[in-house]
Structure formats: C-alpha cells, structure tokens
Amino acid sequence: IQYFSALIVVAFLGGCNLDTRMSTFVTKGPIAEEQLNLFMLTVWVTGIIFVIVGGVFVYAVIKFRERPNDDRPMPSQGHGNPLVEIGLIGASILLLAIIAVPTLRAIWFTQETPDDPESRLGAWYQGDDLAEEEAENPLIIKVIGYQWWWAFEYPQLGITTANEMIIPAGKVVHLELRSIDVIHSFWLPRIAGKVDLIPGRTNSMWIQAGDNFAKWKEKQGLEGEGPELRQDYAKYLEEEIHDYYYGQCAEYCGESHARMLFRTTAVDDQAFAEWVADEKAGHGTPDGKSWDEWYTAYEENPEELTGDLNEGLKLFMGRAKCATCHTVNGNPRALGVAGPNLTNIGSRQSIAAGWLNHRAEDGSIDVEKQYDNLYKWIHEPEVVKPGNLMWKANGGGIGELIDEHGEPALLTDEEVSKLSLYLQSLK
Ligand code: CUA
C-alpha cells in the first residue's frame, strides 16, 4: 500500500529529480520513517476525501446536466439543512483529529531528549544495555548555519568540521541547531528534517542513521542476545546504513540558499573513532619540519621554503589571508573562525557546502576533479556561490586583477593553483 501511494505521489512529482539520495521515500532512520508514515497517512486521508468529493461532483454534473427538451422539474432549492451542516463540521473535526494526533506525536518524537526513559525513544532502549548506556550519554553535535555553509561542532570530542557531518551508524545523535545570521533549516531527507536554525535561539532534534540493535531485532522478529545476532546487526549496518547522505538547507536564506548543501556520512564505531583522532591531530608542515621551525623560516628566510605545498602554505598564511578566517588543526597560527574549519578538507568529498562534488562512483575521491573544484572555488567564488563572504573579504574578487602599478592585486592563476594543491594535501 505504501509503495502504491508512493507511486501516486511520484506521478504527481514527475518533473522532479528522483535521485534517491534526496528521497524522503527511501528512509534510513527512525525519524524519517516516522515522517514518511505521517505523510502517507495524510496522503490517504486527503486522497479518500478527494475521491469522494470529486466523485459526487462529477456524478452531479453528469446526472443533472441540461439536456435538449428537458422537461424535468427544477430540483428543490434547499438552504440551511442543520443535519448536513453539523455532519460536515463533525466530519471535518474528525478528519483534522485523525491527522493532528499523529502529527503532534511525530513532532514530539523528533524533539525528545534521548535520555528520558519515559519517552518513546527511551522505551526503545529497554532491554538493550549497550544502547541504554548510549542513550544516557548521546553524542551531541552543534549545527550552526551560516550564509551559506554549515559548521558541525562536536563539543564532547573537542572538534569542529564544516559541511560534512560524520556520524556513527545506528546511534542516537542529539543535534543543537543554531544560526549565526538568518533563518536556515536542517534537512537530511533520508534521515531526518526539517528543523529551523533560528538566530538567538537553540532548537534541538535527534537523528539516527539506521535502527539500533533493539529496534532492528524487533523489526526482524528476533529475540535474545548473543554474538551471532550482534554480527547480523553489524552486517545490516554495513550493507544498508553505512553511506553518504545528502542534506540541504530548506529555508530560503538569501542569494545562495540553493547552494547551501551538506553531506553526512554514517560510519561504523571504529571508523568514527579514527576520524575523530585524525581531526584532533590535524596537520603538520609540508616537509615535516616542526611548526616552530617552519614559522622561523617563513619570517626570516621564506625563499628557503620551496615546492608547491610550501608555496601554497605561505600564500595561505600570508598574501591570500586564508588563515584570518579559517582554522586548520595543528597549525598554531591558522585559527580563524569566520569561515569553515579546513582540517582534512582534502578528505572531504565535496567543497563549497556540498555544491562542488568530487566523490567518485565507488565512493572514493576523484583527485583531478577535487583539484578542479578547489581551483574553481578559490579563483571564482562569486561565480560558484554568489554573494558569499570569502569573495567580499577579498575585496570583491580573487582572480587575476591588476593594481595601479601593473602588479597582480589579487591572486594569480599560479598562486590559486598552489593554494589548491596545498588544500588538497590536507587529508
Ligand atoms: Cu540556509 Cu537556505
């Protein structure tokens, strides 16, 4: 029935892009599932009303149409039938209740605090010791909306990343949503959404990619514990949930709203721990010098620092002013917070808030495309994302402009290339 009604809806949306990475019909988490069920209920309720009302209308039009030489008497012209009116009001109230009750239930479910054992979410964890532990101390991610990109802070882990949120599969993740400027909306269609990010207040929601062990067992009709069940559960996560999910800002927030995307990867616990360690460690200098040595050379003898990566880093810290706005973990002087944190940007599968994608079909990074995307973004940010702050911070352009002395005022093509290579090496 669900697939059939999905088909009807798909028929209505025939013109839309049906890439399932953005599909609310292919759910991969409990919140999206709850929302899909609610959507389907609404489609059915309104669909049935549509058929009844439309049917009566068509019947009346055909049955009572004017015919040649029609000598049938004019039907009685009724007005104000209390029974009909009360009936219609009653039916409307009933229908609203049928939709409102599950709607409120779904809204509350989305916003529940995972550690409340009385909640529906809490009840899921009964009988799953591992999950109960995790529900008491869920992973918290602060999602901060900017025009037009996303910051993801992991306060318990002391790391911050941008535009690509990594989460452990099968676990509750508690999100605190804020905005630095205007209203944005967090929407990860296959997992959860949409909740607004509003300046001056914090909204919250929880998300989960895939079911937890208890819920998975319930759906499979399995009971009990044991290493074999755990293995099957791990297989389910591996095959169905570990994946790359597309997200999108869902509230109009200015010129580049449509280009305010994000990506989420759900990984296993070990990969998550490795990613966290890697983020914390950050990056060293291109040729293995300590940062102290590198900065001494940079200040006293910059020509000594040769090679594309050193050249790129020198630009990053100096002429291109990247470090004013961006942080790179490990680098003691790249501590800017106005722009995205660039730690491990070379490992991200997209840049410019998901707008420039370089993920290959097999899930690896297409290195050539990655270079092209970095080059394009640094060279013409205003073309990639109209109105963005990086462009404005650099005096309205980063490409090749000439100053009054005939010298390049902004970065040359060669400099953009070296910066791109340096950023690509941050992985
Ligand atoms: Cu942010 Cu639309």
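Begin by selecting helix H2, where Pro-30, Ile-31, Ala-32, Glu-34, Leu-36, Leu-38, Met-40 and Val-45 are buried (buried means under 20% relative accessible area, exposed over 50%, and partly exposed in between, with a 1.4 Å probe and protein chains only). Helices here are DSSP runs of H or I with at least four residues, strands are runs of E with at least two, and both are numbered from the N terminus.

The model you are viewing is predicted, so local features need pLDDT of at least 70 and side-chain atom pairs count only at pLDDT 80 or more, while totals for chains, interfaces and linings use all residues. Residues are numbered from 1 along each chain as its sequence is written, and side-chain values use heavy atoms, with hydrogens and water left out.

Keep H2 selected and follow residues 30-63 from end to end: these 34 residues reach 49 Å from the first C-alpha to the last, close to the 50 Å expected at 1.5 Å a residue (the expected span is 1.5 Å times one less than the number of residues).

Next, select helix H6 (residues 213-220) together with helix H7 (residues 227-241), which pack at an angle of about 95 degrees with their axes 11 Å apart. H6 is therefore roughly perpendicular to H7, a label given to angles from 65 to 115 degrees. Phe-213, Trp-216 and Lys-217 of H6 make the contact with Leu-229, Arg-230, Asp-232, Tyr-233 and Tyr-236 of H7, where contact means heavy atoms within 4.5 Å.

Now pick out Arg-230, which has its place in helix H7 and is partly exposed, with a relative accessible area of 24%. The C-alpha atoms of Arg-230 and Lys-217 are separated by 9.8 Å, although these residues lie 13 residues apart along the chain.

Move on to Ser-256, in the loop between strand S9 (243-249) and strand S10 (261-267). With a relative accessibility of 1%, Ser-256 counts as buried, and its side chain reaches the backbone oxygen of Pro-386 at 2.7 Å. If you leave aside the neighbours within four places in sequence, Ser-256 is in contact with Trp-148, Lys-385 and Pro-386.

Finally, select helix H10 (residues 308-317) and helix H15 (residues 413-424), which pack at an angle of about 100 degrees with their axes 8 Å apart, and which are therefore roughly perpendicular to each other. To see where they meet, show Asp-308, Leu-309, Glu-311, Gly-312, Leu-313, Leu-315 and Phe-316 in H10 beside Glu-415, Lys-418, Leu-419, Leu-421, Tyr-422 and Leu-423 in H15.

Note on methods
A polar contact is a pair of N or O atoms within 3.5 Å; within protein, one must be able to donate a hydrogen and the other to accept it, and residues adjacent in sequence count only if both atoms are side-chain atoms. Axes are lines fitted to C-alpha atoms, for helices over the stretch in contact, and angles run from 0 to 180 degrees between N-to-C directions. Angles under 35 degrees count as roughly parallel, over 145 as roughly antiparallel, 65 to 115 as roughly perpendicular and the rest as oblique.
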